[in-house]
Amino acid sequence: MIINLSINGARRQLETEVYETLLTALRRAGYTGAKRVCESGECGACAVIVDGRAVDSCILLAVQAAGREVVTVEGLAQGDHLTALQEAFAGNGAIQCGFCIPGMIVAAANYMKTNPNPSEEDVRHVFVGNLCRCTGYVKPVEAVMQAAAQQRSGNGD
Amino acid sequence: MRELREYLRPESIEEAVAIKRERGCDAVYLAGGTDVLVLKPRGVTTVIDIMAVDAAGVHQDGEAIVIGATALLCDIEQHPAVRTAVGGALRQAIRETGPWLIRNAATLAGNVCNASPSADSAAMLLTLDAELTLSDGAVVSLDRFFVGPHETVLTDELVKEIRLFPRGRLARFHKHARSKSDIALVNLAVSARAKDGALHDVRIALGSVAPTPIRARETERLLEGREIDAAVLRDVEASVRREIRPISDWRTSAEYRAHSAGLLVRRAVEGLLSDLERRSAEEGMDS
């Protein structure tokens, strides 16, 4: 079946089977920023934003996203201009093997919209749903705190 | 779920139930999908996505907080009535039901209907006398709803709304797990009304220690209206361990579950007692 949806602001048509997840459909269409890992909503590596809410795309049917607005990690930056959050991840070395980072950035970017003034505890609570097998949580948390502070002072995106 | 070949998105509860009646066991209701897509029930050929049904509201109705079938956990936890209910214990239970990426998709009614023995919201809801209004208008008390693991009294009906009665209650919730995103080794809630310096209408509920979330009624009676000293608290621990039926699995042993269930209920009761003391002190200052 064919579904119509918006991906990163552009109208797209995706060919999908009823049983396929949004993650599968997105990756086949070339949006490989969302990573396939646990396929059971445990690890957050496949996070995308659907109608303004960050969710695990591995436990969402592609057809559930029909008619909705999907933003993947590829859709956060404006061309070559990274967001303050992405810059903060890069600047803080908030990366080890890097596989979980797109999911973390999508989750954090979306969370910062609902809570522009997060405490460190708030950020750690968000990352409960983003597993890093390298166990590198300290720097991502620092990166989010820095980006949020920057955003509040008006220097962010 | 490779057998899946039909996706339907009805716009009313009546329509959804009519489809389910027609398709029977071949169809499954889908709300956020965060359980269905993980459990992948075999043989299901049709999903009935109920998220287009107009039932996402959360509101206060007299004594009750009413939560619609399609209200997301992330919206429920933000609602003012939920934030302030039972000293924040209800909000805590909802937040610990799943990480943020899950709460952005999952519904409370879905967590209840999935009927996991370890459902984190269930213990809290049981201690707030939760009632489920079904699509046929029937009202079922939550403590008569669960039948077994992933099994409820429902066949084709839907839960339309959940009514909770936190007003006038003190409550504590505790999830014991390796991390807040893990499935609970034990979860539990206690609640009671404070009257004349004692606990009344005591409710104790636990998850992950029986085939369904359960009330510990014998233990509730030990506390009802009584002065609670160290001996009573010891009895509480022992009584909880008698009332539960934990199993050993790869998460932990039955012995560990029994040990922690007793201890954690005792601590939660101690928490209620300190809430009670604080409330009595505040009332003393008022008069």
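These are my notebook entries on what I looked up in a predicted model with chains A and B.

**Entry 1: ground rules.** I noted that the model is predicted, that local features need pLDDT of at least 70, that side-chain atom pairs count only at pLDDT 80 or more, and that totals for chains, interfaces and linings use all residues. Residues are numbered from 1 along each chain as its sequence is written, while chains are lettered from A and ligands numbered from 1 in the order in which they are written.

**Entry 2: the domains of chain A.** I looked up how chain A is divided, and found domain 1 (2–75) and domain 2 (84–152), with bounds that come from an automatic or database domain assignment. Taken over C-alpha atoms, the centres of these two domains are separated by 21 Å. I then found 14 residues of domain 1 of chain A in contact with 11 residues of domain 2 of chain A, where contact requires that C-beta atoms, placed from the backbone, lie within 7 Å. On the domain 1 side, strand S3 (47–50) and strand S4 (53–56) of chain A each supply at least two residues, and S3(A) gives the largest share, 3 residues. Helices (H or I, at least four residues) and strands (E, at least two) are DSSP runs, numbered from the N terminus. That side has 9 nonpolar, 2 polar and 3 charged residues; Ala, Val, Leu, Ile, Met, Phe, Trp, Tyr, Cys and Pro count as nonpolar, Asp, Glu, Lys and Arg as charged, and the others, Gly among them, as polar.

**Entry 3: the sheet of chain A.** I followed an open sheet of 5 strands in chain A, with the order S2-S1-S5-S3-S4 and mixed pairing; two strands pair if DSSP finds at least two bridges between them. Strand S2 (10–15) and S4 of chain A are the edge strands, each pairing on one side only, and the twist averages 40° from one strand to the next. S3(A) and S4(A) pair in the antiparallel sense over 4 bridges, and Ala47(A) stands opposite Asp56(A) in S4(A). H3(A) packs on the sheet, touching S3 and S4 of chain A, and its direction makes about 35° with that of S3(A); axes are lines fitted to C-alpha atoms, for helices over the stretch in contact, and angles run from 0 to 180 degrees between N-to-C directions.

**Entry 4: where chain B touches chain A.** I found 20 residues of chain B in contact with 20 residues of chain A. Strand S1 (6–8), helix H2 (36–39) and helix H6 (100–103) of chain B each supply at least two residues of the chain B side, with the largest share, 3 residues, coming from H6(B).

**Entry 5: Ala106(B).** I placed Ala106(B) in the loop between H6 and helix H7 (108–113) of chain B. Ala106(B) is buried because 26 other C-beta atoms lie within 10 Å; a residue is buried if 20 or more other C-beta atoms, placed from the backbone, lie within 10 Å of its own, exposed if 12 or fewer, and partly exposed in between. Ala106(B) and Asp35(B) are 71 residues apart in sequence, yet 8.4 Å apart in space, C-alpha to C-alpha. Not counting residues up to four places away in sequence, Ala106(B) touches several residues, among them Gly32(B), Thr34(B) and Leu72(B).

Terms used
Contact = placed C-beta atoms within 7 Å.
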